[in-house]
Amino acid sequence: MSPQAQHSSNGQTPRGQQENMRIKSVSRKWHAGVLGATGIVGQRLVNLLADHPWFELREVAASERSSGKTYCEAVRWHLETSVPEAARELVVKGVEPTLDCDFVFSALDSSVAGPVEEDFARAGYPVVSNSRNHRMDPDVPLLIPEVNAAHLEAISVQQKNRGYDTGFIVTNPNCSTAGLVLVLKPLADAFGLERIFVVTLQAISGAGYPGVASMDIQGNVLPFISGEEEKMESEPQKLLGKWDGKRFIEAGLGISAHCNRVPVLDGHLECVSLGLKKIASLEEVREALRTFEVDHELAALPTALRHPVIVVDEESRPQPRRDVEAGEGMAAVVGRIRECPLHDVKLTLLSHNLVRGAAGAALLNAELLAARGFIKDRSSSSAVELEEPAVP
């Protein structure tokens with residue numbers, strides 16, 4: 001069964017029909033800025049913002065060598081679609097907190113992201129970050145809305161701790177953790193988790209541009225990605241843990257990860273073995289994944305899927321070439337659910353590393369922040385009125 005057919009059987013609402021499900025509280029567009037707008041993830045964000053119903057791209061910022069040029073002049077565009085008209089003539093600015101926008105997405109390289117994001121938060125900007133620098137900070141939410149939306153309660157503590165006013169930092173996890181934890185969440189809720197063993201086969205686009213040298217990756221597999229195993233073994237602990245009002249309490253899972261770079265353009269495939277706290281049949285595991293759905297608040301967000309996990313039955317699926325765009329890149333596709341002789345169950349999952357694992361994840365985080373009132377208009381002229389969305 002194709003992911004598209006599975007979408008239908010799972011009751012997935014097509015994006016066009018979701019227009020009538022948006023929440024009424026969002027009645028204007030917020031102005032967005034993108035830091036690191038010329039990079040691979042920055043380009044994805046610019047593209048996703050082009051026709052977004054809630055956000056309007058107002059500012060693009062990048063390194064000094066791009067500053068002062070129009071975005072079209074500065075960017076080396078890598079997407080199949082053209083540079084969006086709304087972005088072509090925007091003048092690229094430096095990454096200083098003087099941008100005319102309500103909030104910023106950070107797609108900055110980790111070599112510079114940490115202090116820049118803090119500067120923007122200190123200046124009053126909400127920062128929705130894809131960078132790794134602040135993910136494990138004790139007062140910064142590491143967020144997957146379908147998994148741990150309650151962790152946004154940490155924002156007020158972060159602001160108090162750091163002396164921020166309206167600014168704050170919220171991050172999304174690394175590209176491999178994003179798909180893994182989205183699949184783990186319904187299983188953790190239904191059966192509890194004790195042990196996780198995961199082997200990743202990660203696409204070359206996850207290394208950015210120009211990425212991995214062609215002579216290293218063609219016809220080859222690289223069994224080392226710097227820092228990746230450490231992130232995969234630590235980030236799920238925070239994501240699946242709890243916020244107790246003062247600090248994050250880790251989930252206490254046993255996690256072992258092996259991470260490999262493979263000659264695939266987009267899509268991270270992960271082979272996972274799980275030890276469950278409760279005994280469960282394979283059909284119960286499949287049913288928990290198939291029926292996992294988000295609540296009304298999340299389903300009303302423009303980028304959200306009501307059923308973000310898709311189960312495929314063909315024994316040779318999922319495959320990056322065939323399944324990576326499922327749910328417009330925001331779904332995690334799961335197949336090969338079977339017994340594990342060492343643990344309890346094993347499965348294979350696939351997620352789009354640049355959408356679910358990066359730009360789309362940050363966009364969904366921003367939508368939830370906007371819906372909950374965390375993003376304010378920073379000037380009287382920054383709100384663009386929208387028609388009230390219909391609610392059935």
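Helices (H or I, at least four residues) and strands (E, at least two) are DSSP runs, numbered from the N terminus. This is a predicted model, in which local features need pLDDT of at least 70, side-chain atom pairs count only at pLDDT 80 or more, and totals for chains, interfaces and linings use all residues. Residues are numbered from 1 along each chain as its sequence is written, and side-chain values use heavy atoms, with hydrogens and water left out.

**View 1. The chain as a whole.**
The chain holds 14 helices and 15 strands. Of its 392 residues, 56% are buried, where buried means under 20% relative accessible area, exposed means over 50%, and partly exposed lies in between (1.4 Å probe, protein chains only). Contact means heavy atoms within 4.5 Å. Among contacts between residues at least 6 apart in sequence, 77% join residues at least 24 apart.

**View 2. Helix 8 against helix 11.**
Helix 8 covers residues 175-191 and helix 11 covers residues 282-290; their axes come within 9 Å and cross at roughly 120°. That makes helix 8 oblique to helix 11. Axes are lines fitted to C-alpha atoms, for helices over the stretch in contact, and angles run from 0 to 180 degrees between N-to-C directions. Angles under 35 degrees count as roughly parallel, over 145 as roughly antiparallel, 65 to 115 as roughly perpendicular and the rest as oblique. The crossing of helix 8 with helix 11 is right-handed; a crossing is right-handed if the near helix is turned clockwise from the far one by less than a right angle, and left-handed if anticlockwise. On the helix 8 side the contact is made by Val183, Pro186, Leu187, Ala190 and Phe191, and on the helix 11 side by Glu284, Val285, Ala288 and Leu289. Sorted by class, the residues of this contact are eight nonpolar, no polar and one charged. Here Ala, Val, Leu, Ile, Met, Phe, Trp, Tyr, Cys and Pro count as nonpolar, Asp, Glu, Lys and Arg as charged, and the others, Gly among them, as polar.

**View 3. Helix 8 against helix 10.**
Helix 10 (residues 228-239) packs with helix 8 at an angle of about 40°, and the two axes are 9 Å apart. Helix 8 and helix 10 are therefore oblique to each other. Their crossing is right-handed. From helix 8, Cys175, Ser176, Thr177, Leu180 and Val181 meet Glu228, Lys231, Met232, Glu235, Pro236 and Leu239 of helix 10. By class, six of the residues in the contact of helix 8 with helix 10 are nonpolar, two are polar and three are charged.

**View 4. The loop between strand 12 and helix 13.**
Arg317 lies in the loop that runs between strand 12 (309-311) and helix 13 (320-323). Arg317 is buried, at 3% relative accessible area. Its side chain makes a polar contact of 2.6 Å with the side chain of Asp323. A polar contact is a pair of N or O atoms within 3.5 Å; within protein, one must be able to donate a hydrogen and the other to accept it, and residues adjacent in sequence count only if both atoms are side-chain atoms. The peptide bond from Arg317 to Pro318 is cis, with omega near 10°, and Pro318 belongs to the loop between strand 12 and helix 13. Gln319 is also placed in the loop between strand 12 and helix 13, and is partly exposed at 24% relative accessible area. Leaving aside neighbours within four places in sequence, Gln319 is in contact with Val324 and Leu350. Between Gln319 and Gly335 there are 16 residues in sequence and 9.6 Å in space, C-alpha to C-alpha.

Glu328 is in the loop between helix 13 and strand 13 (332-339). Its phi is near 55°, a positive value in a residue other than glycine, and Glu328 is partly exposed at 48% relative accessible area. Arg336 lies in strand 13. The phi of Arg336 is near 55°, a positive value in a residue other than glycine, and Arg336 counts as partly exposed at 40% relative accessibility.

**View 5. Asn130 and its contacts.**
Asn130 is located in the loop between strand 5 (126-129) and helix 6 (145-148). With a relative accessible area of 14%, Asn130 is buried. The side chains of Asn130 and Asn172 are joined by a polar contact of 2.8 Å. Apart from neighbours within four places in sequence, Asn130 is in contact with Val41, Ser106, Arg135, Asn172, Gly357 and Ala358.
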